[in-house]
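Please keep the sequence and the structure in view while reading.

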Amino acid sequence: MSSPGRLHDLFVTFEAMSPGEYQAGGAGLALRYGVHDTPVGAALIATTARGICNLHFLDRADGPNAEAALRREWPNAKLRCDPSTTQPLIDSIFNAAPSAQQLLTLHIKGSNFQLQTWRALLRIPYGGITSYQRLAATLGRPTAARAVGHAVAHNPVAYLIPCHRVLRESGELGDYRWGLERKAALIGWEAAHTAARS
C-alpha cells in the first residue's frame with residue numbers, strides 16, 4: 001500500500017513490507033548504501049530495489065559503524081556500500097530547488113500503528129509543524145500521544161518522513177532521534193526555504 005506526501009518539490013510515496021518480509025530481517029533483499037554530507041551533517045542512506053529503506057543522520061561519517069547499524073536493522077540482508085548509487089538520491093532530497101518534480105519511493109518496515117503514524121507525518125506540509133497530541137487526533141486516537149511519540153521516534157527514514165516537524169504541545173522541540181540541534185536546524189532550514197519561495 002502506498003501513501004503520498006509533498007516535500008517541497010519531492011513527491012514521496014511509501015510501500016510497506018509484508019509481515020513476512022518484516023519478520024525475515026531482510027532475507028532475500030539486497031541493500032545498497034552510502035554515507036553522504038547533507039545541510040545538517042552526514043547521513044546514511046540505504047535503498048532496496050523497491051525504494052529507500054533507511055535515512056539516518058550520523059554524528060560521524062563512519063562507514064563501518066554505518067554498516068553495523070544497518071546490519072542490526074537488516075540482519076539477513078545482503079549489504080553493499082555503493083555511494084555512486086545513493087549520491088543522486090541525496091542530491092534530490094536536499095536540493096532546495098529541483099528543476100522538476102521528483103518522485104521518491106520508500107520501502108519500509110513497521111507495525112500497523114507505526115505505518116499509520118508515518119503516513120500522517122507525510123501529510124504535514126513542508127515548513128509546517130504539529131504536536132504529538134494533534135498528530136494522535138488525526139489518527140482518531142486523541143489519547144494516544146505517547147504511542148504516537150514512540151512511533152515517531154522509530155521512523156527509519158529521517159527527513160522524508162518528517163518526524164522533525166512534531167513538537168510538544170507547549171511548543172518545545174521535544175525529543176529527536178538524531179539530536180535536538182539537528183531538529184531545530186531542519187525546522188529552520190525548511191522555514192527559510194518556504195519564506196524564500198513565497
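Which element gives the most to the lining of the largest pocket? Helix α6 does, with 6 residues. The model is predicted, so local features need pLDDT of at least 70 and side-chain atom pairs count only at pLDDT 80 or more, while totals for chains, interfaces and linings use all residues. Residues are numbered from 1 along each chain as its sequence is written, and side-chain values use heavy atoms, with hydrogens and water left out.

**Terms for pockets and elements**

- Rolling a probe the size of a water molecule over the atoms shows where empty space is left.
- On a 1 Å grid over the protein atoms alone, a cavity is a set of points where a 1.4 Å probe fits but cannot get out; a pocket is an open set with protein on both sides within 12 Å along at least five of seven lines, and lining residues have an atom within 4 Å of a point.
- Grid points are joined across faces, edges and corners, and a volume is the space filled by probe spheres set on the points.
- Helices (H or I, at least four residues) and strands (E, at least two) are DSSP runs, numbered from the N terminus.

**The largest pocket**

- The largest pocket has a volume of about 300 Å³.
- It is lined by 18 residues, of which Y132, R146, G149, H150 and D175 are the closest to its centre.
- The elements that give two or more residues to this lining are α5 (132-138) and α6 (145-153).
- By class, the lining has 8 nonpolar, 5 polar and 5 charged residues; Ala, Val, Leu, Ile, Met, Phe, Trp, Tyr, Cys and Pro count as nonpolar, Asp, Glu, Lys and Arg as charged, and the others, Gly among them, as polar.

**The second largest pocket**

- The volume of the second largest pocket is about 160 Å³.
- Its lining residues include M17, Y22, N112 and R119.
- Two or more residues of this lining come from each of α1 (19-23) and α4 (112-122), and α4 gives the most, with 4 residues.
- The classes in this lining are 5 nonpolar, 5 polar and 1 charged.
- The pocket lies between domain 1 (12-106) and domain 2 (112-196), because both give residues to its lining; the domain bounds come from an automatic or database domain assignment.
- Helix α4 is itself largely enclosed by the rest of the structure, because 9 of its 11 residues are buried (under 20% relative accessible area with a 1.4 Å probe, protein chains only; exposed is over 50% and partly exposed in between).
- Among the buried residues of α4 are F113, L115, W118 and L122.

**Strands around β4**

- Two strands pair if DSSP finds at least two bridges between them.
- Strand β3 (residues 30-38) pairs with β4 in the antiparallel sense over 7 bridges, and the two form a hairpin with 2 residues between them.
- Within this pairing, Y33 stands opposite A46, and H36 has A43 as its bridge partner.
- Strands β4 and β5 (residues 51-57) run antiparallel and are joined by 6 bridges; a hairpin connects them through 2 residues.
- A46 has N54 as its bridge partner in β5.
- Strand β3 also runs parallel to β6 (residues 78-81), with 4 bridges joining them, and C81 in β6 is the bridge partner of Y33.
- Strand β4 (residues 41-48) is largely enclosed by the rest of the structure, because 7 of its 8 residues are buried.

**Aromatic pairs**

- Rings of Phe, Tyr and Trp (its six-membered ring) pair if their centres lie within 6.5 Å; planes under 30 degrees apart count as stacked, over 60 as edge-to-face and the rest as tilted.
- A search of the whole structure finds 6 aromatic pairs.
- One of them is the tilted pair of F57 and F94, at 6.4 Å centre to centre and 55° between the planes.
- This pair links distant parts of the chain, since F57 in strand β5 and F94 in helix α3 (residues 83-94) are 37 residues apart.
- F57 and F94 are both buried.
- Y176 and W178 form an edge-to-face pair, at 5.6 Å centre to centre and 70° between the planes, and both are buried.
- Ring pairs link F57, F94, Y159, Y176, W178 and W189 into a cluster.
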